[in-house]
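Me: I'd like to go through this model with you, starting with the overall fold and then turning to the charged side chains.

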Amino acid sequence: MPRTDRFLDIRRDPHSDELLARGGDSEAHSVLQRAGLIAVVRVHETYHRAPTGLTEDDESRLATDAVARLRVAGYHVDCDKDFDTDSRPASYLPLGSSVAHIAERIREATTTEEAADALTELTAAHDGILAALDEVLTATADFHDGLGQAADPYISRRLRYLADEHLRVIRTDLADTRNTLADRHAPHPGRSTCSGEVPATERERSAVCASPPPPRTLPTPPPPVAAGLRR
């Protein structure tokens, strides 16, 4: 039976005429965001809407693009006929997939050196991912400095605070963790590298095998209870 989170609905609301997209999982929500829609998070639902200020034609182009992208990604999309399309644009791995690969490397690491090497991509001082994130926050703060609305200076200060305080703590702690792992030079006691051959008909999912659990130690039986004296 198909998963319900692989189905989406993109239509104009019959009451408000607002363009809305409903359904899907987190991957579908990322596709909708990249198509230009805005997430609306409620207690029991997350749906997406078009940005404010668009013309009806612009909204239709946005919705049509979202339908095409979702179908390329393998989703089933019901939509208004104005949004239906046979277009299938080329899809590319998003940048976040490359970053997520670091997590996979850590999950497969069998030694502290391998884990430290993966974390280095995050913590490298000049060109690590966290250093780049610092640049993104600073550039976004600079952008808001001259944007002109009353809230923009506050947003700029908030972004700089996130970079200077919260991100700095994350960078420092992760760098310390990476350095500690690099100094240990130890295998992970719960992981080992698979040496057995995988049959030709089986797809190997990981090069890491979990080590067998340590043997269970049986609890020491309680001392026998002395029998009471009979009268």
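Me: How many of the residues count as buried, as a percentage?
Reply: Of the 231 residues of the protein, 24% count as buried, where buried means under 20% relative accessible area, exposed means over 50%, and partly exposed lies in between (1.4 Å probe, protein chains only). This is a predicted model, in which local features need pLDDT of at least 70 and side-chain atom pairs count only at pLDDT 80 or more, while totals for chains, interfaces and linings use all residues. Residues are numbered from 1 along each chain as its sequence is written, and side-chain values use heavy atoms, with hydrogens and water left out.

Me: What share of the contacts comes from residues 24 or more positions apart?
Reply: Among contacts with a separation of 6 or more, 49% are between residues 24 or more positions apart, a contact being heavy atoms within 4.5 Å.

Me: Switching to charges, how many salt bridges are there?
Reply: A search of the whole structure finds 15, counting a side-chain nitrogen of Lys or Arg within 4 Å of a carboxyl oxygen of Asp or Glu.

Me: Which residue pairs with Arg 11?
Reply: Asp 80 does, with the closest N and O atoms 3.3 Å apart. That pair links distant parts of the chain, 69 residues apart, since Arg 11 is in strand β1 (residues 7–12) and Asp 80 is in the loop between β5 (76–79) and α3 (95–108). Arg 11 counts as partly exposed, at 31% relative accessibility.

Me: What about Asp 117, which residue does its side chain meet?
Reply: The side chain of Asp 117 meets that of Arg 105 in a salt bridge at 2.8 Å, N to O. Asp 117 belongs to helix α4 (residues 112–123) and Arg 105 to helix α3, twelve residues apart. Asp 117 is partly exposed at 45% relative accessibility, and Arg 105 is partly exposed too, with a relative accessible area of 26%.

Me: Where do Glu 165 and Arg 168 lie?
Reply: Both are in helix α6 (residues 152–184), three residues apart, about one turn of the helix, and their side chains form a salt bridge of 3.6 Å, N to O.

Note on methods. Helix = DSSP H or I, 4+ residues; strand = E, 2+ residues; numbered from the N terminus.
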